[in-house]
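Here is my note on the charged pairs in this structure. Please keep the 3D view open as you read.

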Amino acid sequence: MTGDDARTKAGHGRRGFLKAATLGSAAAVLRPSTLLGQPRSGRSLGEGVGGYGDRSPFETTLRRVRGSRYAQAAGSLTPLQNLNGSITPSALHFERHHSGIPEIDPSEHRLLIDGLVDRPLVFSLAELQRMPAVTRTYFVECSGNGRVKWSPAEPDTDAQAAFGMTSCSEWTGVPVSALLREVGASAGASWVVAEGADACRMTRSVPLDKAMDDTLVAYGQNGEALRPAQGYPLRLLIPGWEGNICVKWLRRLRVVDQSYLTREETAKYTDLMPNGEARQYTFVMDAKSVITRPSGGQQLDEPGFYQISGLAWSGRGRVQRVEVTTDGGRSWAEAQLQDPVLPLAHTRFRFDWSWDGSETTLASRCIDETGDVQPSRAALIAARGTQSSYHNNAVQGWRIGRDGRVENVDV
Amino acid sequence: MSSRSLHAGIALVTVAMLGAGKVEGQTLLTGLGRLAVPSELETWGAIVGPDGAGLPSGRATAAEGRVLYDRRCAACHGLTGQEGPDARLAGGRDSLAGDQPRKTVGSYWPAATTLWDYVNRAMPFDQPGSLTSDEVYAAVAYVLFLNDLVDEQDPVDADSLPRIEMPNRAGFVDDPRPDVVAAQAPRP
């Protein structure tokens, strides 16, 4: 709409004030289209109703692809710094695939459960959706999340680059325990090998007791079907454990008597120590937190009030406490946690703060209900060296410059 | 009798055994799912365990595998398995405790069966599932040869593969976490 159109419309308008403003010399200063009290959107019909909703064209935050020779064996990271609350929009859930995203017709998809069972069974999606279901909120985090923190901090690394391989959704599905009761796991069964239907038929061994405890075969994510990038139509969801073991596009569960030493639990996702030994079956994601606002790459406009906000989570249970420092670690104070604090889910924390304009460093640390404390980078490296790739849960620092710029810094 | 009614029969029996309905903390069997028949199970593809469970028949030597490897693998993994551009498959022995660890099949992998399982399901990266069982044995034999783990004429098959001594077999330990002494600071 041009300014002339706007003026004409306003001239025929209902409100005397607007009319007055368009007459006389005030019009040059207070053009109706720029009056905050009378937004342009109020003077023409909006879009009609529609089928599947889009976000506002003004909202442009995106996942960021991490460079790789192949887009099919790569990752894309969630823009944590631009999110609110604790749920990650499905379209922004981080991705990590090893052989691309398969296109699967749900009517053709089957889940086979075989191996050490009384009755090997094949389930269609429709049959799985007839079974008793549960809905739970869980984070999924790649064990490589935070990997950059094994190296000294680069000033330009932002929250997305350092921590964007965690996301949190509401998942709906069938407990694996119910499925294993249907097939009747036999004596000697101790592990379950899960296999996906993607091009590498991604495979992981899952200890039977965890599978029987709280593991889901999920078909729902945030109220709708799983996204293709999250395993449509079926994925394993192993709460609190590293993302890779939550096998997507799940097609088979084979009940077996030992770990099958698949590539993903030997060559990958094992943590190399300085003495050359590697830790295996490091499934649990440790207590972790990151301030997302203000965070790397952002700019504080002026001294004054800013509520600090971030996410905390732990694969061992509930977040019990988050502590925040606004003076580079000299003192720590407790942040408020957003209720309800759910186990094995992202928890939003907030901390009221007023910036006095001087240079300082912000950081947060998570303490979970088991007493696990998020360590400093130095403490983590003292225990594990710098070559273990996975499971880095070091405290994240953000330096605020005198100019208001926020940068990544080690604390 | 169809497999469906067979399973339904079993479910009914179990339901009857459980009695009046819900057992504490347990849901009734639903009887859903169709009984898989043995012939069908084979079509789902191999899942191979460290004791060789799941390995199909077939065999090959590294000498036989060389041509296949050069044609189907070398462009991405290098003629000697060390040049890339994709994952290094060979070399790196005794590098794990250093500053530049090189994790390869020979230096890092604890079991040779993993190689058969993985190549069979995932390689060649751009043509997964295109190799026959014999071809997988051939590629596996050659990658093991590039790592000095078999001789050129050693037959690699379901019997010999699980018995290959991998150098880093004892290199893995269980998860000892929590293992980090967190930096202590005054509590609020």
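**Note on the salt bridges**

1. Start with one pair in chain A. The side chains of A:Arg252 and A:Glu195 form a salt bridge, 3.0 Å from N to O. The model is predicted. A:Arg252 sits in strand S13 of chain A and A:Glu195 in strand S8, so this pair ties together parts 57 residues apart in sequence.

2. Are these two residues buried or exposed? A:Arg252 has a relative accessible area of 0%, so A:Arg252 is buried. A:Glu195 counts as buried too, because its relative accessibility is 0%.

3. A:Glu195 has another partner. A:Glu195 also forms a salt bridge with A:Arg251, with the closest N and O atoms 2.7 Å apart. A:Glu195 belongs to strand S8 (residues 191-196) and A:Arg251 to strand S13 (residues 250-256), so the pair links parts that are 56 residues apart in sequence. Both A:Glu195 and A:Arg251 are buried.

4. Now look between the chains. A:Arg384 forms a salt bridge with B:Asp179, and their closest N and O atoms are 2.8 Å apart. The pair crosses from helix H8 (residues 377-384) of chain A to the segment after strand S4 (172-174) of chain B. A:Arg384 counts as buried because its relative accessibility is 2%. B:Asp179 is at 22%, so B:Asp179 counts as partly exposed.

5. Which residues join A:Arg384 and B:Asp179 in one network? Salt bridges with shared partners connect them to A:Arg279, A:Asp286, A:Arg316, A:Asp372, B:Asp175 and B:Arg177.

6. Last, the overall count. A search of the whole structure finds 28 salt bridges over all chains.

Methods:
Residues are numbered from 1 along each chain as its sequence is written. Chains are lettered from A and ligands numbered from 1 in the order in which they are written. This is a predicted model: local features need pLDDT of at least 70, side-chain atom pairs count only at pLDDT 80 or more; totals for chains, interfaces and linings use all residues. Side-chain values use heavy atoms; hydrogens and water are left out. A salt bridge is a side-chain nitrogen of Lys or Arg within 4 Å of a carboxyl oxygen of Asp or Glu. Helices (H or I, at least four residues) and strands (E, at least two) are DSSP runs, numbered from the N terminus. Buried means under 20% relative accessible area, exposed over 50%, partly exposed in between (1.4 Å probe, protein chains only).
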